[in-house]
Amino acid sequence: FAVSNNILYVTNGYNELLALSPKKGGIYWRASLTSPSRAAPTIFNDTVYVMTVDNRVEALNAATGQKKWSYEGLAELTGLVGAASPAVDNDVVIAPLSSGELTALRTVNGSLAWSDNLSPMVRMGGSSSLPDIRALPIIDKNYVFAISYGGRIVAIESRTGRRIWQRDIGGAKSPWVSGNTIFFISASAELVALSHDTGGLLWVKSLASLVDDEARRNSLLWQGPVLAGGRLIVSSPDGTILEIAPDKGTVLRRLKT
């Protein structure tokens, strides 16, 4: 779900998008989708953008639910549970597809501005070969940052689609961008800090070594990072909350929940 202008927008398993009253739950409107959506809608200005499980992007009028345009991407039979919401600015909608495609669509009509592919070059089998983009893409300083579970994080110029840099590191959790640094949890359960402009490695910290839990190496069970109060916050599979220094990656404090 998502909230904007005192309206609650909700997707459900019945191929619908609903606009509700947050106070009373009354339905303002409901719109049919081509398939269910596992991602929260994205609202920007007067438009609601929705990603469906069959890799279709729907743009609807936020006030009436009337469809403005739709875009159909390549279908992918296998992916991670859940989905990423699109990122939007004044010019483009960045749609992360489970096929590993990162597609930029023009907000005015849904036409294709550019497309990139974050799938691994060689699929070795197992979950590491999944091309799915499960993490939210980030638009910051005219750059688009996106990471696929299959093993690639990229920075792309939002207007032209030109790839600025690429690193062969995968992940399923949304990066956190602050200043000139990008923080994210990799598919190997490592907390990684990269340079915003060059993609250079600043530091890396193995999270699995910090907790005592047999599921600690499953990166899908880690949550975060969130940057707040001058520290990075992540939570582990065993319920431990770690506070980590953003400049060096050292552990400042741990809390057990």
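Across the whole structure, a search finds 10 salt bridges, where a salt bridge is a side-chain nitrogen of Lys or Arg within 4 Å of a carboxyl oxygen of Asp or Glu. Before I go through some of them, please keep in mind that this is a predicted model, in which local features need pLDDT of at least 70 and side-chain atom pairs count only at pLDDT 80 or more, while totals for chains, interfaces and linings use all residues. Residues are numbered from 1 along each chain as its sequence is written, and side-chain values use heavy atoms, with hydrogens and water left out.

Let me begin with Arg-159 and Asp-91, whose side chains meet in a salt bridge at 2.9 Å, N to O. This pair links distant parts of the chain, 68 residues apart, since Arg-159 sits in the loop between β15 (152-157) and β16 (163-167), and Asp-91 in the loop between β9 (87-88) and β10 (92-96); the strands here are DSSP runs (E, at least two residues), numbered from the N terminus. Arg-159 is exposed, with a relative accessible area of 60%, whereas Asp-91 is partly exposed at 35%; by these terms, buried means under 20% relative accessible area, exposed over 50%, and partly exposed in between, with a 1.4 Å probe and protein chains only.

The next pair is Arg-163 and Asp-116, whose side chains form a salt bridge at 2.3 Å, N to O. Here too distant parts of the chain are linked, with Arg-163 in strand β16 and Asp-116 in strand β12 (residues 112-117), 47 residues apart. Arg-163 is partly exposed, with a relative accessible area of 27%, and Asp-116 is buried, with a relative accessible area of 13%.

Now I would like to turn to the sheet. Four strands form an open sheet in the order β21-β22-β23-β24, and the pairing is antiparallel, where two strands count as paired if DSSP finds at least two bridges between them. The edge strands are β21 (223-228) and β24, each of which pairs on one side only. From one strand to the next the twist averages 20°, with axes taken as lines fitted to C-alpha atoms, for helices over the stretch in contact, and angles running from 0 to 180 degrees between N-to-C directions.

Within that sheet, strand β23 (residues 240-244) and strand β24 (residues 251-256) pair in the antiparallel sense over 5 bridges. In β24, Leu-255 is the bridge partner of Ile-241, and Val-251 is the bridge partner of Ile-244. The hairpin of these two strands has 6 residues between them, and in it Gly-249 takes a positive phi near 85°.

Is Glu-243, in this part of the chain, buried or exposed? With 8% relative accessibility, Glu-243 counts as buried. Glu-243 forms a salt bridge with Arg-253, the closest N and O atoms being 2.9 Å apart. Glu-243 lies in strand β23 and Arg-253 in strand β24, so the pair ties together parts that are 10 residues apart in sequence. Arg-253, for its part, is partly exposed, with a relative accessible area of 43%, and a network of salt bridges links Arg-231, Glu-243 and Arg-253. Leaving aside neighbours within four places in sequence, Glu-243 is in contact (heavy atoms within 4.5 Å) with residues including Leu-232, Ile-233, Thr-250 and Leu-252.

A further residue of strand β24 is Arg-254, which counts as partly exposed at 43% relative accessibility. Apart from neighbours within four places in sequence, Arg-254 is in contact with Leu-210, Thr-240, Ile-241 and Leu-242.

Finally, the nonpolar core, which is defined as a set of buried Ala, Val, Leu, Ile, Met, Phe, Trp, Tyr and Cys residues joined through side-chain atoms within 4.5 Å. The largest such core has 14 residues, and those with the most contacts inside it are Leu-191, Trp-203, Leu-207, Trp-222, Val-234, Leu-242 and Ile-244. At least two residues of this core come from each of β18 (181-185), β19 (190-195), β22 (231-235) and β23. Not counting residues up to four places away in sequence, Leu-191 touches a list of residues, among them Phe-184, Trp-203, Pro-225, Val-234 and Ile-244. As general background, nonpolar side chains tend to be buried together in soluble globular proteins.
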